[in-house]
Amino acid sequence: MAAAPIQIRFERFDGALGIAPARPPRAVTPEEKPALIARIRERLRALDAVFVAHYYVHPDLQDLAEATGGIVSDSLEMARFGHEHPAKTIVVAGVRFMGETAKILNPEKRVLMPDLAAECSLDLACPADEFAAFCDAHPDRVPVVYANTSAAVKARAEWMVTSSIAEKIVAHLHAQGRKILFAPDKHLGAYIQKVTGADMLMWNAACVVHEEFKARQLEELKLLHPQAKVLVHPESPASVIAMADAVGSTTGIIQAAQRLGAKEYIVATDGGIIHQMRKRLPGVTFIEAPTAGKGATCQSCAHCPWMAMNGLHNLLEVLETGRNEIHVDPATGERARISIQRMLDFAKVHLPTLKGSGDA
Ligand code: SF4
């Protein structure tokens, strides 16, 4: 039986407190795991489905995605991979906006997710109608939104960006003399504003995981590990970003660890990514950056409570029943695709490869 839901508190754009439940999936015993995995493999084959997983989901799911010819990556690459793969069905282990992005880029395919209630605090804190009103109130600004938003918010934006290409796109718009309205992540927005100097008006929202990384605790940890390099996702607070040896998206953080060549890293993003880092850099030590601990808003720091809703049991259930299909209103999806495609076209020209233009 699945564990009881936990209440996740997050700050809404207007400063009010939002509450959303996250339901941990049914636990898997070591005895039942081999049979579960065998059954999932069989169902993926029978359904002509490809399984794609985000870096933040449980290591069992990451390993299964790789072992079955799928991918472990960021949301954009997951969607792009699903698009290029001949499979008729894409099964997404991640959070809802990732399933939506996969559907928007692959409207002809069926997209399934283990749990449709897997949310994201950034998405929740940016309701489409309130975002539209914000845009209407600032018609002189170009709306740029982060990937961690609903299809309806992307449909209202001119550009969708992911965390590593956001800086280049904002710099490009700034060079054209355009003023920007950025949503929803205030920390990512502040970081981009600092490095580009662009005129940016920010939505007020944060990721419940990255928001909890703390500079003072990080300083203390650095004293214990003086040789460790610090890798930080730009959804983290500015005081934590200021201590980074490298700032990057999920894919960017992995690439930075491969590039910097240290023996020890402190990683300020969801701890799920460390599974991939250990696989790619065996023998290197990875330490999760410290959070506010018991007082933290996120009750499973530094692990996203919604990413943690993906498990082997609910994955198999979806493959057996066909439940939890992602639907995006076709007209909304078509408009959202324009803002995504604008970014993809920009990336083709300004980035040597689209791979690694990742997100949360
Ligand atoms: S880690 Fe943060 S940004 Fe990523 S899905 Fe979870 S709440 Fe959203």
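# Notebook: a look around a three-domain chain

I began at Arg26, which sits in the loop between strand E2 (17-22) and H1. Helices (H or I, at least four residues) and strands (E, at least two) are DSSP runs, numbered from the N terminus. I noted that this is a predicted model, where local features need pLDDT of at least 70, side-chain atom pairs count only at pLDDT 80 or more, and totals for chains, interfaces and linings use all residues. Residue numbers start from 1 along each chain as its sequence is written.

**Arg26, continued.** Is Arg26 buried, exposed or partly exposed? I put it down as partly exposed because it has 13 C-beta neighbours inside 10 Å. My cut-offs: 20 or more other C-beta atoms within 10 Å of a residue's own is buried, 12 or fewer is exposed, in between is partly exposed, with C-beta atoms placed from the backbone. I also checked Asn314: Arg26 is 288 residues from Asn314 in sequence, yet their C-alpha atoms are 7.7 Å apart.

**Helix H14.** Asn314 belongs to the buried residues of H14 (residues 312-321), along with Leu312, Leu315, Val318 and Leu319. I looked for what covers them and found, among others, helix H1 (33-46), H2, strand E5 (89-93) and strand E6 (110-112). Gly322 follows H14 and has a positive phi, near 75°.

Most residues other than glycine have a negative phi, and most peptide bonds are trans. I found Asn324 with phi near 65°, positive although the residue is not glycine. Asn324 lies in the loop between H14 and helix H15 (330-350), and it counts as buried because it has 21 C-beta neighbours inside 10 Å. Asp48 also has a positive phi, near 55°, and its loop runs between H1 and strand E3 (49-54). With 11 C-beta neighbours inside 10 Å, Asp48 counts as exposed. Pro184 is in the loop between E9 and H9.

**Helix H9.** I moved on to H9 (residues 186-196), where Lys186, His187, Leu188, Gly189, Tyr191, Ile192 and Thr196 are buried. What do the buried residues of H9 pack against? I listed strand E7 (141-146), helix H8 (166-175), strand E9 (179-183), strand E10 (200-202) and helix H11 (238-241). For contacts, the C-beta atoms of two residues, placed from the backbone, must lie within 7 Å. Just after H9, Gly197 has a positive phi of about 75°.

**H3 against H4.** Helix H3 (residues 75-84) packs on helix H4 (residues 96-105) at about 35°, with axes 9 Å apart. Axes here are lines fitted to C-alpha atoms, for helices over the stretch in contact, and angles run from 0 to 180 degrees between N-to-C directions. Ser75, Met78, Ala79, Gly82 and His83 of H3 meet Met98, Thr101, Ala102 and Leu105 of H4.

**Domains.** Last, I wrote down the division: domain 1 (6-120 + 306-326), domain 2 (125-207 + 331-350) and domain 3 (210-295). These bounds come from an automatic or database domain assignment. The centres of domain 1 and domain 3, over C-alpha atoms, are 25 Å apart. How many residues of domain 1 are in contact with domain 3? I got nine, in contact with eight residues of domain 3. On the domain 1 side, helix H2 (59-67) and strand E4 (71-73) each give two or more residues.
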